[in-house]
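Reader: I would like to go through this model by question and answer. Please show it.

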Amino acid sequence: MVKHQPLQVYERQLCLSCITGIYGCRWKRYQRSHDDTTKWELLWSVILLFTFSLLLIWSYFWWEADNDYNEFNWFLYNRSGEWTDGTVPILATTAAGFTYIAFLMVLALCHVALGQQLNLHWLHKIGVIAALLTTVIGIISVTQTWEQEWDVIPISFQATGPFLHVGALAAATALSWIVAGQVARAEKTLFQVVVVLLYLSVLLGLYVLPLYLTSPCITDPSTLKPRPEVFGHQGAPMLAPENTLWSFQRALQMNVSGLEADVAISVDGVPFLMHDLTLRRTTDVGKVFPDREKDKASQFNWTDLQQLNAGQWFLKDDPFWTVNTMSLREKNLTAKQSVCSLEQLLKLASYHNSTVVFRLQRPPPEHPCYTTWINDTLQAVQKSGVPQSLVMWTPDDERAQVTQSAPGFIQTSLEKHSPEHLHRFGISRLLLRYNQASAREIAEYSRNNISLTLYTVNEPWLYSVLWCSGVSSVSSEAPHILKKVPYPVWLMSPNEYCLMWVSADLLSFAVVIGIFILQKYRMSGMRSYNPEQIMLNAAVRTSSRDVNVMKERLIFSEVRNGGSAEELYEEHGFDSYSGQSIRQ
């Protein structure tokens, strides 16, 4: 006969069972423990925290690198020879890994808050190690192949820093509940002092962090400079095939003030628009000239180039996931695009009174135009009839000769130099990647009358940061997106930001103090009477194994010969009434 003793009646704790069950597969009450976490499990907790921090940085990096996804895919194409959107699997695995690790972190914090022993299940340990190794491999790979992109993190902080600070402050304030609980629950004064000091150090660091945060968007709105002009980088390549007439027409429909293109020279000396070294990605050269598919673009003559289709690849590959937004007319126009010559682009720009900047690729040494490439390009520009004031000339070779032949050209450099050096060579404009000029350098160039054009700027947050920094123009693959940014995403005066910062700090401090007081009062009440602690843990510490066996027998064992719960306690060396050990 099974006797049901009063000690067998427990209040259901479904939430606690789920927390300990999912984290460490401890679904039963007798499997749980309030003992101190072992050093081995503490080490795993540190590994979990490190993995979470690393994945947080990795996720933030890819979130902000959205501006340069096309650049990343182009790097992959140069390595593999096949065009694919390599960001999709990276984003999917990053999101899955971060969600999983963040969930484990929440469960671990719940264990700490509830005073439960941490015991991560071995399957989760494998998952944590897999996430850690995958993230480390990803970081190393990006560093080796796309190192310059890491600059997007400090640049993005200029846009997100003030708001990330508020978020971090909110998270640290919320953690005070767990910290205060640990301090109130602890019996050793040294442990309490160390925990409080560590927590207050982190909190104080967050309170004063805004002293070291800088953003050009924290400025007096009255000093905001005019909206930067937008150049269509390769036209509007998100809406039409890059470097085609249709792409540049689409860019002009978005009210761009300039057009940017990549120029190569054919065997017979005709400058034409092409970004890649070969024709494989953006034309049907494999279909028209199967035996010349891997030949360099500059090895074709203009007659051969005119036979190629430069638009069908866009409809097939859909590199920016925009084909489904195109009308039937736009798809038909896209499918009929051919390779565009520099002269055709210049005539279009002249008709719309739009500035043109182009990067000229020098042909290889065996090319017939290797020594005449500057003259061939200059003749094509002059033949187009475009006003010289609309042409931004970038090649450094024979710049003095070009200046004499076409003094009206806007001399532009692709290399970063001091204002004095640029003035010495008659250069009045710079074309740089957006990470090559800081806010201080932008201001210095502006003071010295050097116009700065930064590329490639596709995201509104980056456009806003550069706008507040005083950039005169940007080159974008997404002029249709920047067209919808009539004002910086956010702009705040220093006084407004100071008010927000101080208010957040004071509110956080008041909440933290209140939580510490509440937890102390709460824990003191729990210590005055805790039946489970009195009867199961007693006043002396026993091994976790003994306590678990005792719990299991109290709940599940059959009590023979009229045995009572008190006898079971005495069998394990406890006085069930006094809570004192009777072992000698």
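Reader: How many helices and strands does the protein chain have?
Author: The model is predicted, so local features need pLDDT of at least 70 and side-chain atom pairs pLDDT 80 or more, while totals for chains, interfaces and linings use all residues. Residues are numbered from 1 along each chain as its sequence is written, and side-chain values use heavy atoms, without hydrogens and water. Helices (H or I, at least four residues) and strands (E, at least two) are DSSP runs numbered from the N terminus. The count for the protein chain is 23 helices and nine strands.

Reader: What share of the residues in the protein chain is buried?
Author: Buried means under 20% relative accessible area, exposed over 50%, and partly exposed in between, with a 1.4 Å probe and protein chains only. Of the 584 residues in the protein chain, the buried share is 48%.

Reader: Is L211 buried or exposed?
Author: L211 sits in the loop between α7 (189-208) and β1 (229-233). Because its relative accessible area is 56%, L211 counts as exposed.

Reader: What is the volume of the largest cavity?
Author: A cavity is a set of points on a 1 Å grid over the protein atoms alone where a 1.4 Å probe fits but cannot get out; lining residues have an atom within 4 Å of a point. Grid points are joined across faces, edges and corners, and a volume is the space filled by probe spheres set on the points. The whole structure holds four cavities of 30 Å³ or more. The largest cavity, whose lining includes E242, H275 and C340, has a volume of about 70 Å³.

Key: 1 Å grid on protein atoms, 1.4 Å probe; cavity = no way out; pocket = protein on both sides within 12 Å on 5 of 7 lines; lining within 4 Å.
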